[in-house]
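Here is a brief report on selected local features. It takes up a few residues in turn.

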Amino acid sequence: MSNYLNQHWVRKGGKHVPKVAYKTVFDAVSFLDQHPMLKEKYSPYVCSVCGQWHIGHLHNKRKKK
């Protein structure tokens, strides 16, 4: 699967399913605030497939800089 599609899909149980979508960055950050251990490895980003916010690995964000 290309990086473009990895923005929107995640592999669970051998199948690709859409990632959880958040309407605002505030909603995504609120989720991370409720799960502090995830905050160290994940960050919110706007999905180019659906235009909503998803949470992904930090290393993906660093590669784009």
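## Glutamine 52

The model is predicted: local features need pLDDT of at least 70, side-chain atom pairs count only at pLDDT 80 or more, and totals for chains, interfaces and linings use all residues. Residues are numbered from 1 along each chain as its sequence is written, and side-chain values use heavy atoms, with hydrogens and water left out.

Glutamine 52 sits in the loop between strand 3 (42-46) and strand 4 (53-57). Strands (E, at least two residues) and helices (H or I, at least four) are DSSP runs, numbered from the N terminus. The relative accessible area of glutamine 52 is 30%, so it is partly exposed (buried is under 20%, exposed over 50%, partly exposed in between; 1.4 Å probe, protein chains only). Alanine 28 is 24 residues away in sequence, and 10.0 Å away in space, C-alpha to C-alpha.

## Histidine 8

Histidine 8 lies in the loop between helix 1 and strand 1 (9-12). Its relative accessible area is 13%, so histidine 8 is buried. Leaving aside neighbours within four places in sequence, histidine 8 is in contact with Val17, Pro18, Lys19, Cys47, Val49, Cys50 and His54.

## Tyrosine 4

Tyrosine 4 belongs to helix 1 (residues 3-6). Tyrosine 4 counts as partly exposed because its relative accessibility is 46%.

How values were computed
Contact = heavy atoms within 4.5 Å.
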